[in-house]
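User: Hi! I'm new to reading protein structures, could you walk me through this one?
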Amino acid sequence: MANLSLWVLLFPLLGFIILGLSGRFIQRSAVLAVACGACGLAFLCAVINFFSMLGTPVSGRVSDQVVFNWLTSGTGNGPSLTIGFGQYLDPLSMTMLLVVTGVGLLIHIYSAGYMEEDPGFWRFFAYLNFFIFAMVLLVSADNFLFLLVGWALVGLASFLLIGFWYQRRSAVAAARKAFVINVIGDFGLMLAIFLIFVNFQSLNFSDVLKNPISINTGTITAICLLLFVACAAKSAQLPLYMWLPDAMEGPTPVSALIHAATMVTAGVYLVARTHVLFDLAPVALNIVAAIGGATALFAASIALFQLDIKRVLAYSTISQLGYMFMAEGVQGYSAGIFHLVTHAFFKALLFLGAGAVIHALDGEQDMRKMGGLWSRMRITAWTFLIATLAISGIPPLAGFWSKDDILGTLLAQATKTGNPGLYVLWGIGLLTAGLTAFYMFRLFFAIFSGRYRAQPIAVEQEDEDEEAVAGHHHAGGVYYYYIREVPPVMSIPLIILAALSVIGGFLGSLSLIGLAKWAPLPNFLNAVSFQGAPILEASTAIMWMSTGLSVLVALLGFAVAWVLYRKGFSYKENRSPLYRLILNKYYVDEALSFVLIKPIQGLGRVVGNSFLEGGVLDGGSRGIARLFRGVSKGIRKVQTGYTRNYALGILLGVVLIVVYYAVRG
Amino acid sequence: MASVPLSAYLIMSAILFTIGATGVLIRRNPLIIFMSIELMLNAVNLSFVALSHFLDSADGQMFVFIVLTVAAAEVVVGLALIVSIFRSRRNIDVDEMNILRG
């Protein structure tokens, strides 16, 4: 089997380098050609490679191509470390490559329209290409060290793109927050890598994941938990999720690409990649499942009452990632990856649709100032509706199949082991499905149905505040008759993603309707990547029960939203404490600020003003400086600059030496 | 023929050396200072040669050649410096050249 992943890696890197060096000087069309060309070629390589993999017998579908040995140390006795820069290609990384480059390509094209008037056009595309490069590095690395490199680089790309409109204070703060929280995860991953090296004497996937049984369970559990710290930070799981909602400060295509479809799923990928270790650590698996479940419910509940359309989608993303971790926590790895793929389709579509709305409304993100767009933006509305149906789990769209795969897996595992915790998780999954349907239709109705609610101030009013400079302004609403459907360069990616959201579900298993043989994606993954993991086959009766209930719950959520918001969203001040609590995201940011940030700032202020800082530390260092200055002031008098003085000095020195030896004998 | 004793040579050498050293220390004209340095070097040469003769060894005389060579080289460099300083300042008083004072 050919392994083209090096090319998939190199094209975006090349694009980034070209744009980074010359983007400032070249035409916008040239910027677009380079950026989309790089991403398109990467996608093309991935597709060719995919077909080459399909044409290879199952036994030959793993390829570990070492390009060069990057680091060799300790070749003598004792542990040695050899790290090669190589690409590990198996069905799992193949799936990720296709999703990353494919969805990435669509979002590149979409961005051409969305960012058209932005002064940072070339910078944006350079960053996007850099992100694709980093993400491909992450998913195609053949050892943990380069995985870490990719892991950190996608964090950097995310930082750069969240802070893309760096004139906005809030964007810079959000970028910093994302970076700091991600570094916590990087640190966890680093510790995990140290532990792996100490115990396995190697960092290559092929060595570590081949035969870890000889290592004791405690160590493996520790490794898995540290890996999961990294996953929780990158995939915004409790308690490290706070950065993702704030990351919505970035341009909307970025939210779609990085903070919905690809980067945030890196944690799901990592758990799947190292599932051999997780399989041996039931405690870690339980924690993964529990955190996934808790996050799914928690984030879905916050999404219920958010008013910013992108924040609703952000919390929804966190919640859906929770689903994926739930599946992986019960060893349903292929179910998790399946949901990752379908989620990439419909969540990217939702974000791009939201971006189209924001674009048409000239930067408005508040759902209180929307409404009635159905008749103005038909393509956006239809595709958004498809995505909403898909994420709500309405058959036969993509989300229905993948979500039911997860719920069915949970229930199957629960009935098999009789573990009451798993029944609870399954219940949480069902409840979250209902909440998801409710908040998604609330969002849909708020944007598209009812009457247009913005109060346009005169459009002529030029508003030269800092946000206008950033190419993104809130001038106070757009006249309804000015609202136009987005141009084709933006709507075509929407249509493609909508098509994928409709048919994406058929990649999964259709055993529910009797077609037991049909399961392309699970078979593709299970045969090679998830070989050791148990296949969770639920009986058809159980699956029907789970499916029936989840569809019922989703319809219930839809019905509630229909009753409340069908005629358009109307915001009423609600004073009930529970509502305030959820609207303010459980006050987590405030609590964190109170518990962590304020005390540390206070401590810093106290210490900064204390005698220790001013008198001892500052005084001490300044005193030393003063001492040296004073002494040298005296001593430098000796350097008179008169040659004859020096000569006298030399002579006296010589005389002294001679006298010394003469006297000593 | 009564040979001159070694001590006479050494005393002569010491006297010449002292005259040279004094000249270096008290004169301000670099040309005179150079001449004084030559005097000091030749005082040393004198003691080398005398000792070489009295100890019946050629080592001392070899050193004399080295000293002569070094002295010649030193004069070349020194005179070049003096010329170039004179060109830029029209003055070669060593006490005026004290820019590098502390």
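Analyst: Happy to, and we can go from the chains down to single residues. One thing to keep in mind is that this is a predicted model.

User: Ok, chain A to start with. How many helices and strands are in chain A?
Analyst: Chain A has 26 helices and two strands. Its C-alpha atoms fill a box of roughly 115 × 70 × 50 Å along the principal axes.

User: And how much of chain A counts as buried?
Analyst: Of its 665 residues, 50% are buried. If you take the contacts in chain A with a separation of 6 or more, 80% of them join residues 24 or more positions apart.

User: Now chain B. What is chain B made of, helices or strands?
Analyst: Chain B has three helices and zero strands. Reading from the N terminus, the order is α-α-α.

User: What radius of gyration does chain B have, and what would a compact globule have?
Analyst: Chain B has 17 Å, whereas a compact globule of 102 residues would be near 13 Å. The box around its C-alpha atoms is roughly 55 × 30 × 25 Å along the principal axes. Buried residues make up 11% of chain B. For contacts in chain B between residues at least 6 apart in sequence, 45% link residues at least 24 apart.

User: How many residues does each chain bring to the contact between them?
Analyst: Chain A brings 12 residues and chain B brings 11. On the chain A side, those are five nonpolar, four polar and three charged residues.

User: Back to chain A, then. What span should helix H2 of chain A have?
Analyst: Helix H2 covers residues 28–54 of chain A, and at 1.5 Å a residue its 27 residues should span 39 Å. The end C-alpha atoms are 38 Å apart, so the two values agree.

User: Which residues of H2(A) are buried?
Analyst: Among them are A:Val31, A:Leu32, A:Ala35, A:Ala38, A:Cys39, A:Ala42 and A:Phe43.

User: How do H2(A) and H4(A) sit together?
Analyst: Their axes are 9 Å apart, at an angle of about 10°. Angles under 35 degrees count as roughly parallel, so H2(A) is roughly parallel to H4(A).

User: Which residues meet there?
Analyst: From H2(A) they include A:Arg28, A:Val31, A:Ala35 and A:Ala38, and from H4(A) they include A:Phe121, A:Trp122, A:Phe125 and A:Leu128. The contact of H2(A) with H4(A) is made of 11 nonpolar residues, one polar and one charged.

User: What about the angle between H5(A) and H6(A)?
Analyst: The axes of H5(A) and helix H6 (residues 169–200) cross at roughly 175° and come within 8 Å. Angles over 145 degrees count as roughly antiparallel, which is why H5(A) is roughly antiparallel to H6(A). Residues that meet include A:Phe144, A:Leu148 and A:Trp151 in H5(A), with A:Ala171, A:Ala174 and A:Phe179 among those in H6(A). By class, that contact has 16 nonpolar, three polar and one charged residues.

User: Can we zoom in on A:Val154? Is it buried or exposed, and why?
Analyst: A:Val154 is in helix H5 (residues 144–162) of chain A. A:Val154 is buried because 27 other C-beta atoms lie within 10 Å, and the cut-off for buried is 20 or more.

User: Which residues does A:Val154 contact?
Analyst: Leaving aside neighbours within four places in sequence, A:Val154 is in contact with A:Phe131, A:Ala134, A:Met135, A:Leu138, A:Met263 and A:Ala266. A:Phe130 is 24 residues away in sequence, and its C-alpha is 8.4 Å from that of A:Val154.

User: One more residue: where is A:Phe400?
Analyst: A:Phe400 lies in helix H17 (residues 398–417) of chain A. A:Phe400 counts as buried because it has 25 C-beta neighbours inside 10 Å. Not counting residues up to four places away in sequence, A:Phe400 touches A:Gly393, A:Ile394, A:Pro395 and A:Gly505.

User: Last topic! How many residues of H18(A) are buried?
Analyst: H18(A) is mostly covered, with 22 of its 29 residues buried. It runs over residues 420–448 and reaches 42 Å from first C-alpha to last, close to the 42 Å expected at 1.5 Å a residue. Just after H18(A), A:Gly450 takes a positive phi of about 75°.

Conventions
Residues numbered from 1 in each chain as written. Chains lettered and ligands numbered in written order. Predicted model: local features only at pLDDT ≥ 70, side-chain atom pairs only at ≥ 80, totals over all residues. Helix = DSSP H or I, 4+ residues; strand = E, 2+ residues; numbered from the N terminus. Rg over C-alpha atoms; globule rule 2.2 N^0.38 Å. Buried ≥ 20, exposed ≤ 12 C-beta atoms within 10 Å, placed from the backbone. Contact = placed C-beta atoms within 7 Å. Expected span 1.5 Å × (residues − 1). Nonpolar A, V, L, I, M, F, W, Y, C, P; charged D, E, K, R; others polar. Axes fitted to C-alpha atoms, helices over the stretch in contact; angles between N-to-C directions. Parallel < 35°, antiparallel > 145°, perpendicular 65-115°, else oblique.
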